[in-house]
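Hi everyone, thanks for making time.

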Amino acid sequence: MISRRLLAAAAILCAMLVPVHAQKTKAQLNTEIGANFPDQTAGQITPQNLRTVTQDIVNSIMPTAPVTANSVPCFDGTTGLLKGCGSGALTVQDLNTIRFASQYGQADWCANLVAAVNDIGNAPGTIVVDSAAGPNACSAGSTIQLGSNHRIEFVSGNVYVLNQTLQFGNNGTALVGVGGGNGGNAPINTGVVLKWIGGTGCTMIYMFNTSFSQFRNIGLDANNTLNCVGIMMDSNNNPITTRNILEQFEITGTHVGIVVGSADTSAVSGGSCSAMPSQSGCSENDFFAIRHFQIFGNCSDTAAEGIRINSLNAAQNSLIGYANMQCVNVGVRMINMNDNLTITGVNSGSAIGSDATLFRIESTVINGPDLISNESEAGSFSVVDHAVGGAQTWAYNQWNQPCTSDGGAIIASISNLSSAGNCTASGTVKVKSIGDNPENLWTTSGSGVVDYVPSSGQPLPGGKGGTGLTSYTTGDLIVASGATALSKLADAATGSVLCSGGAGVVPAYCKVTSSHVNAATGSGSFVFATSPTLTTPSIGAATYTSLQNTANLLATISAEKAGGDLFAYRFSSGTPRMTFGAGGGSGSPFFGSNIVWSGSGNVWNYDTTGSAWWLGNLPGFAEAFALCANSGTSGTAVGSDTTTRCGFFLGTNGMSILGNANGASQPTGTTSEFATVKASASGTAPGAGYCKIGTVAGTNAGTCKLVAYCGTSTTPTTIIDNVGGGC
């Protein structure tokens, strides 16, 4: 650049009034000096000589003719002398890499910007856009290409109208604004504002295959134009879009403020991206930073979104932070993305539309973002998380609306504060809640799991095995005050008792009154002035008549059945029946089944066909003792002679082993004799290990023979033959 001192000196010299003389060259001036200033030995130096040399120097420096006002002085390339070069001879575009858009003489700032970009070409450089470039019109007929390694700088706080997309170059493009705040384009307060005047479905700023580029200190106003996007970052992965910075900006009037990847609302699958990685929705778009911004959305667009991320490989190791969202239905919507995205310091207000949400993570996302120090101030939900997997950290957030996670994420929930007090984990979500406030911030549904780790000094919640209480007073009782909560029941005055308030109601201490006694006993008071006198009750003697039809009967009946006492258990609730009683053979004790008492005949009869077993006298043998059994049909008496069979007999005549003899066939003889009864099946074998002895007809007519059968043989062995008679 031209030295300020040189320009000042030239201006002073131009103001001086000097005679008109011809300019001389450097060689001519040197010759003149040598001639007019000789040594003292060669001549005299006179004032005239001094004036001549000085005037020639001045005339050689200054132009020889009058110059135009504001003309720029310059040196003649041939003579080296200074001359007037006019006002247009030296222009700012000649200043190396700096271009002023207003110097190109076009109709508006868009046309001047295009001319400046074309002029600077592929070289790195800066293009300055000021108010003189014509901010109130934009005549661009197509997308305005900003080129790579160019810095486009707006230097005044104006509103610049825009009708075409501004597209960044592949590398190193910067679009920045300077200047103070502008109060003429509310709600934006940024000094420089780009305001859309073009058609619907617009994209104001487009970063395609763009890396290491910046957008800052500019406001974008889409003018509430239908389906407009403020900033879009996308790529066909040749090259990738990466490491871009968007900061200190504001956006308003858009359908979506910022789109990272595809503008669609459906995700591209991993298989599809592998087959065709160049398609929208597959780009990397990673290592970006979007920070310190405001998005005001469009209050009349109930589906407006602040930021939409929809690319399989997008957002890895990226940051969205320190922002405010207004007039949007969803603050940040993640349809498809990679992992390691951090969202921090974002808050929302003035939410619009149904189910308004600060952060929405769709089920096509595998790894959701980390949410740190954010705050929801309006809407229906703070977070709706459908992510099917991955690990997330939610820490130090303030959720003033409910949050829900119903996919398969693993969430570390650390010191989050919620006035809503309800975040729900369902699906296969696993939450580790550490120091959240309230402690029971999370509830579960389905297969969701929540593990609580209380912060230092905090108790374990009641629903997780603790009490949720930090201190107690002596005498306190712990009672359930809800399905997952415990509370303290303070002690009461002396003599108070614990009274139920009914099912589902916490009990309370109370004093006992007569109403409590009546409720318990029906009447009267259980408090006695003196000790009561106990009297043994008289219940009388049970008789057969009063007890005969009583089920499960245990009784003593006197003066029944031949004068003997009867101890009887009768289980009469259906058949079979079992009876223990007296009456078998002259009142002998017996037991049997299907036996009932016949009141009219004072005998025990078979109710249906059955059996009885008894021991005692046989009929007609009052001094005998026998082990007998008999069977009978309905109505026949137990122990009758015709149906009785005895196996052992002991009487005054001796002892007998009876072979199926009935009561009328008992042997007779002298005392202490042993007798057998004629075998009824003498030809049968007793079986291995056994022998039997029986009486059969002797060889001689009218005699008896005593034989033995042993083992499995049916052939008898004669013990004695041809004895006695009547066999």
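This is a predicted model: local features need pLDDT of at least 70, side-chain atom pairs count only at pLDDT 80 or more; totals for chains, interfaces and linings use all residues.

Residues are numbered from 1 along each chain as its sequence is written, and side-chain values use heavy atoms, with hydrogens and water left out.

Okay, salt bridges. By that I mean a side-chain nitrogen of Lys or Arg within 4 Å of a carboxyl oxygen of Asp or Glu. How many does the structure hold? There are nine salt bridges.

One of them joins the side chains of glutamate 247 and arginine 291, with N to O at 2.9 Å. Glutamate 247 sits in strand β15 (residues 245–252) and arginine 291 in strand β17 (residues 289–295), so this pair ties together parts that are 44 residues apart in sequence. Strands here are DSSP runs of E, at least two residues, numbered from the N terminus.

So is glutamate 247 buried or exposed? For the cut-offs, buried is under 20% relative accessible area, exposed is over 50%, and partly exposed is in between, using a 1.4 Å probe and protein chains only. Glutamate 247 comes out buried, at 11%, whereas arginine 291 is partly exposed, at 24%.

Glutamate 362 is buried at 12% relative accessible area, and arginine 360 is partly exposed at 25%.

On to the rings. Rings of Phe, Tyr and Trp (its six-membered ring) pair if their centres lie within 6.5 Å; planes under 30 degrees apart are stacked, over 60 edge-to-face, and the rest tilted. That rule gives nine aromatic pairs.

Take phenylalanine 154 and tyrosine 160: the ring centres are 4.9 Å apart and the planes are at 65°, so we call the pair edge-to-face. Phenylalanine 154 is buried at 0% relative accessibility, and tyrosine 160 is buried with 0% as well.

Phenylalanine 359 and tryptophan 399 have ring centres 6.5 Å apart and planes at 80°, so that pair is edge-to-face too. Phenylalanine 359 belongs to strand β22 (residues 357–361) and tryptophan 399 to strand β27 (residues 398–399), so the pair ties together parts that are 40 residues apart in sequence. Phenylalanine 359 is buried, with 0% relative accessible area, and tryptophan 399 is buried at 0%. Phe359, Trp394, Trp399 and Trp442 form one aromatic cluster.

Last stop, a sheet. Two strands pair if DSSP finds at least two bridges between them. Three strands make an open, antiparallel sheet in the order β50-β51-β52. Which strands are at the edges? They are β50 (687–697) and β52 (717–723), each pairing on one side only. Strand β51 (residues 704–711) is joined to β52 by four bridges, running antiparallel. If you want to find one, cysteine 704 has valine 723 in β52 as its bridge partner.
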